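Thank you for coming, everyone.

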Amino acid sequence: MKLKFIMLSIVLINVGVYSQKSQIKDAQSLFEKGKSEEAIVILKKNEYLILNAPDEEKSEFYFLKGNVLKDLAIRNIDAATNFSDASQSYQDVILYENESGKYKFSVKANLALKDMKSKLVNGATEDFKAGNFKESAEKSYKVYLFDKKDTLNLYNAAAAYLNAKEYNLAIQHYEQLKKINFSGNGIIYYATNKKTKEEDAFISPKARESYIQEGLYEKPRNEAIPSRKFDVNRNLAYAYLEKKDFIKAEAVYNYLIELNPNFIDSYINLAYLKLQSKKELTDKIDALGNSKKEMLEYDKLTAKKDDIIRSAIPYLQKALSIEPKNQEVIKTLLGIYRSLDMTKEYDALKAASN
């Protein structure tokens, strides 16, 4: 009886393996016919069966799955997610073939990973140009997750989210860039394609030189990429400002002044933040009545409000020293001088600005 049970188990396992292989062949056939959406349904439905298969069969399964997902992504079907899932499948191929020591799909998987990254980066760029900022951000971030050494993609994701007015995500990515001390500076290696007469960028001088030696490219040149550290903080400050997180915005604007003492926007926005903080006091003042106690409170709050307004003056004066003809700064500063009865300063600025 025990022997029969064992034999029955073996039969069941063999049936399962046969069914699994049949399903994979069906998925392969659908993929070859361009029916990737139907193929991925079959693969996902049967993926649990592959867990106990030999490593060679696992690598074949995940190579097919990677190809199907890549095809869907290239056709712009949930591109960011499918590219990400495809890259994981290709990495699984490499993992299983390293474990088995039998390399059948690893080279193709590596080539597919590089091609996929290139297509995803290009897709993010095209989306950004077309104004599809959220889609661009999602693709750039997927590339970053795929290759975290290439931190420029995290920077691009942050910038795209900022343009999409997705301020929480923009802040999250800019803060991450600060955490990893991103600068973005480096060198781009260009050469001219002899056939198209257009310049192409290469990942290294060695890669470029190999194409030049083959006679495909000429006129090599290098272009230095300036640090983007300042841009990261400037955009982060703007995002905090839009979120009305004035405390964090002020901290970043002060840091920007450390990076560039002549960055006029920092001074203007710091003055704005100071003036914003008086609004709550103004509302309290307006709500007061005419009792003796309320009149004493009025004097106290008014003095405090004037101190806040006065604290904006140094920032505006510094901004004016950088751009003496900046009409926005002049107008704001004249308004402050008038509200504080600073007649001498008002007249001097009025005369200088005419």
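What you see is a predicted model, in which local features need pLDDT of at least 70 and side-chain atom pairs count only at pLDDT 80 or more, while totals for chains, interfaces and linings use all residues. Residues are numbered from 1 along each chain as its sequence is written, and side-chain values use heavy atoms, with hydrogens and water left out.

Let me start with the open sheet, where three strands run in the order β2-β1-β3 with antiparallel pairing; strands here are DSSP E runs of at least two residues, and helices H or I runs of at least four, numbered from the N terminus, and two strands pair if DSSP finds at least two bridges between them. Because β2 (199-202) and β3 (217-225) each have a single partner strand, they stand at the edges, with one side of each left without a neighbour in the sheet. Strand β1, residues 186-193, pairs with β2 over four bridges, and Y190 stands opposite A201 in β2.

Turning to E175, this residue lies in helix α8, which spans residues 167-179. E175 counts as partly exposed because its relative accessibility is 31%, the class between buried, under 20%, and exposed, over 50%, with a 1.4 Å probe and protein chains only. Which residues does E175 touch, not counting those up to four places away in sequence? They are L236 and Y240, where contact means heavy atoms within 4.5 Å. In space, E175 also lies 8.8 Å from N233, C-alpha to C-alpha, although the two are 58 residues apart in sequence.
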